[in-house]
Amino acid sequence: MTAMPAPALELSADEARRIALRAQGLLGAPDRRGGVRGVLRHLGSVQLDTISVLARSHELVPYARLGAVGRPAVEAAYWGGGTSFEYWSHAACVLPVEEWPLFGFRRRSYRSNGHVWGRSTEERTYRQVLDQLRAEGPLTSTELGGAKRTSEWWDWSDTKVAVEKALAFGDVVCTERRSWKRVYALAEQAIPAEYLAEEPSDAECVRRLVAQAGTALGVATRADLMDYYRLKAKHFDAALPGSGLVPVTVAGWGAPAWADPAALETAPRGRHRTTLLSPFDSLIWDRPRTERIFGLTHRLEAYTPKEKRVHGYFAMPLLTGGQLVGRVDPAREGKTLVARQVSLDSPRHLEALATALREAAGWVGCTAVRVERLSDEGLRPALEKLIG
């Protein structure tokens, strides 16, 4: 690990928490003029996931920051407008198109390995996929000739393996989804020429991504910064000294930290959002960081057997006053938002819970809210009165 200068600034845990919230767009006035695209550009990466309960995760991220922005507007901001693309970042993520050059290091790494996730395909099939896209324009894997041999998710057809390989290598890009299916296009036809022509070195790619991670996180440890774009330690350590981030000490963190200099220029103040957060929101997708900053141990239980779940299938942390104060496991039944399970740290957060439930219900077109299980049933009369 590269030696760094001694920290020049000491932050309290509370100061670090508020810096992190502001950096993530959850403290202060929301950028409504920039809208969903502004949120994406600011965060640099919005994770995608197949689970849709209240809404899909990539919809929940701008909702948490902007409020009840129309869901069609969210989809339009991500897909088909030439302003973003999907690639492997923190996970499968939608990224602003300006970041295309910065993932050149990852595309080159995939290409040098010659395969993706241990799957290989014949060169002939690979070329056929590219030729078909060149002749017919953007297509789904089904339109290319089939996605799977069987119903098993892992049993990709040769065509699907080839197009995913082309996606990883950068010959093909996904800038749109239709009915949640990736739509593949040749990169040369979908990525603006100015970004396609820009080819920074691997070192420059990582340096800029480290700087972007610092901006998006505000203040972070080495592990936090690496996790944001899933960077390897050897690449990260070489890039950190030139990233522009400054070393700081955060009380109680027990690890060296770095901060975005711009985040230190003014004290973070302003209105806190009260909202439910997707488990894949970049404020909390890093579980050790979430526990360190907010004192909340959170796990996604969607893949945990039902009888072993503690907080529910898709428990969404409740953010209010800059703290994570409870969880809601949501579902929808017709025009009713159902809170299958609710836990709350303190009765004083009851009004915030009701506010979050009412706003979420209205956003997804529900006209009623029903709470099935409440960790403290003594709070039910007051909660139902607040919900209305």
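The second largest pocket of this predicted model has a lining made up of 7 nonpolar, 3 polar and 4 charged residues, where Ala, Val, Leu, Ile, Met, Phe, Trp, Tyr, Cys and Pro count as nonpolar, Asp, Glu, Lys and Arg as charged, and the others, Gly among them, as polar. Because the model is predicted, local features need pLDDT of at least 70 and side-chain atom pairs count only at pLDDT 80 or more, whereas totals for chains, interfaces and linings use all residues. Residues are numbered from 1 along each chain as its sequence is written, and side-chain values use heavy atoms, with hydrogens and water left out.

The volume of the second largest pocket is about 320 Å³, and of the 14 residues that line this pocket, Phe105, Ser109, Val206, Lys232 and His235 are the closest to its centre. On a 1 Å grid over the protein atoms alone, a pocket is an open set of points with protein on both sides within 12 Å along at least five of seven lines, a cavity is a set of points where a 1.4 Å probe fits but cannot get out, and lining residues have an atom within 4 Å of a point. Grid points are joined across faces, edges and corners, and a volume is the space filled by probe spheres set on the points. At least two lining residues come from each of the helices α5 (104-113), α11 (202-217) and α13 (233-239), and α5 gives the most, with 5 residues; helices (H or I, at least four residues) and strands (E, at least two) are DSSP runs, numbered from the N terminus.

Helix α2 (residues 35-43) has Gly35, Val36, Gly38, Val39, Leu40 and Leu43 as its buried residues, buried meaning under 20% relative accessible area with a 1.4 Å probe and protein chains only. Just after α2, glycine 44 takes a positive phi of about 80 degrees.

Elsewhere, 5 strands form an open sheet of mixed pairing in the order β10-β11-β12-β13-β14, and its edge strands, β10 (275-276) and β14 (368-371), each pair on one side only. Two strands pair if DSSP finds at least two bridges between them. Strand β10 runs antiparallel to β11 (residues 316-320) and is joined to it by 2 bridges, and leucine 276 has leucine 318 as its bridge partner in β11.

How values were computed:
Buried < 20%, exposed > 50% of the residue type's maximum accessible area, 1.4 Å probe, protein only.
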